[in-house]
Structures are given as structure tokens and as C-alpha cells.
Amino acid sequence: MSAEENPAAEPAPVVDVQGDGRWMSQHNRFVQECKDAEPDVLFVGDSMVQLMQQHEVWRELFSPLHALNFGIGGDTTCNVLWRLQNGELENIRPKVVVLWVGTNNHEHTADQVAGGILAIAQLLLSLLPNSKIIVLGLLPRGEFPNPLREKNASVNNLLRASLPRLGHVQLLDVGGSFVHSDGTICSRDMFDFLHLTAGAYRTMSTTLHELLLQLLDEMPQERRASLV
């Protein structure tokens, strides 16, 4: 499916239905940050990325890696595509980009969502040819098995098959431990059965942190010196 025929791969800003301009203000703040920061790691996506910064695990594991957090709650693949095409990558050259988006694409099929994520990965590769991309798999959602959870699992399966063809892109599925043997999700892991608690962020962040250290260790020596 080409980007032209996939609605999940069409860049679009959020419509300001509430009238307070918050989404565009957040985007403009990120663009401004690009003028001053020199991140080695860039996180971009929806509320899953945004809320990560509110927990101690961010300060403990990711801030020392010179990480920027460009997460906005409610974003879809279309919104992230638009943001990245409109200034959020200017003046920065992160070594690794962590992408986590897609669970809010309620109007799109699993094929379309996977295509939207692929379109973002391809954009990142074209604008940041020396960077490596980590795509985080969509988390399961809902206390009990449901169609949206099945859809997210299908997106992950599609990404697992297609992302390796792009090159410096890999899928990291961090949601496997949150579904119990009876198919339920516990509120101790997802307080609203969608967003992660502090403990669950720590669980998934440990694996992600190890992968980031591995990728950063593979960078040229002159770039690695900036992390010391």
C-alpha cells in the first residue's frame, strides 16, 4: 500500500477542536528545542512517550543519554508525520530515534496503521541517514481481550515482517509481560488499561535502555565521547 492510498500515512496537524492551541504550542516548543539541544537519542510519539518523561525512570535511564522527548498525547501516525516534516528534526542529528505511535489510529485498519508507522520510519531514514531507529511495538489495551487489542497485535506482526527491509530499523516489542495467562491486564501495570504505571514503565524501560546502550556503543568514537 503506497502512502498516497493510505490515510494513516498522510501528514496532518491536529484539528484544534478545543480552541486553546495546545497541540500547536507543544509542536512549536519542540521546534524551538531543536535550535538549542544536541540530543543523542530522540523519543517521538504519542502519550506513551510523553508520560515516560514524568517518571523517575526517565531521569535515571534516559536523561543521561542526552535524550529529547517529543511525545504528544493523542497523536496518530498522521500527526507525528506532520510534526517531523515541519521542523521537529531541524538542526538535530540524534544517533538513535525511538518511535512509539499508532494506538490512537482508531479510524484505520491494522494494515494502514503499520503502513503509517513504516512511512514515519522511512521519513526518519531519509532525513537522518546516519541514525538508527527503534520502533516500539503497540501495547495491548483493555482489561480483557478485545478487538483493539487484537488490532494492535496485528500491527506488531506486520511491523515485525516489514521493518527489517528498511535497514537501520528494528522493532522492540515491550508489551508481552503485561498480559496474564487468563488474558487480563492488571491496573498495577496499566492504571486505565491503556497507559503504563511507574512500575510498568520501569519494566519496559530496562529492556529499551539496554538496547540503546548497545546501539550507542556502536557509534563512531568521536560521537561516543559526548556521552562521557
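How exposed is Arg160 in terms of relative accessible area? Arg160 is partly exposed, with a relative accessible area of 39%, where buried means under 20%, exposed over 50% and partly exposed in between, with a 1.4 Å probe and protein chains only.

The model is predicted, so that local features need pLDDT of at least 70 and side-chain atom pairs count only at pLDDT 80 or more, while totals for chains, interfaces and linings use all residues. Residues are numbered from 1 along each chain as its sequence is written, and side-chain values use heavy atoms, with hydrogens and water left out.

The structure holds 8 salt bridges, each being a side-chain nitrogen of Lys or Arg within 4 Å of a carboxyl oxygen of Asp or Glu; the table gives some of them.

| Salt bridge | N to O distance |
|---|---|
| Glu60 and Arg202 | 3.2 Å |
| Arg83 and Glu88 | 2.8 Å |
| Asp173 and Arg160 | 3.1 Å |

Arg160 lies in helix α6 (residues 147-162) and Asp173 in the loop between β5 (169-172) and α7, 13 residues apart, helices (H or I, at least four residues) and strands (E, at least two) being DSSP runs numbered from the N terminus. Asp173 counts as partly exposed at 37% relative accessibility. Salt bridges that share partners join Asp75, Arg83 and Glu88 into one network, and both Arg83 and Glu88 are buried.

Arg83 also belongs to helix α4, where Asn79, Trp82 and Arg83 meet Trp23, Met24, His27 and Phe30 of α1, contact meaning heavy atoms within 4.5 Å.
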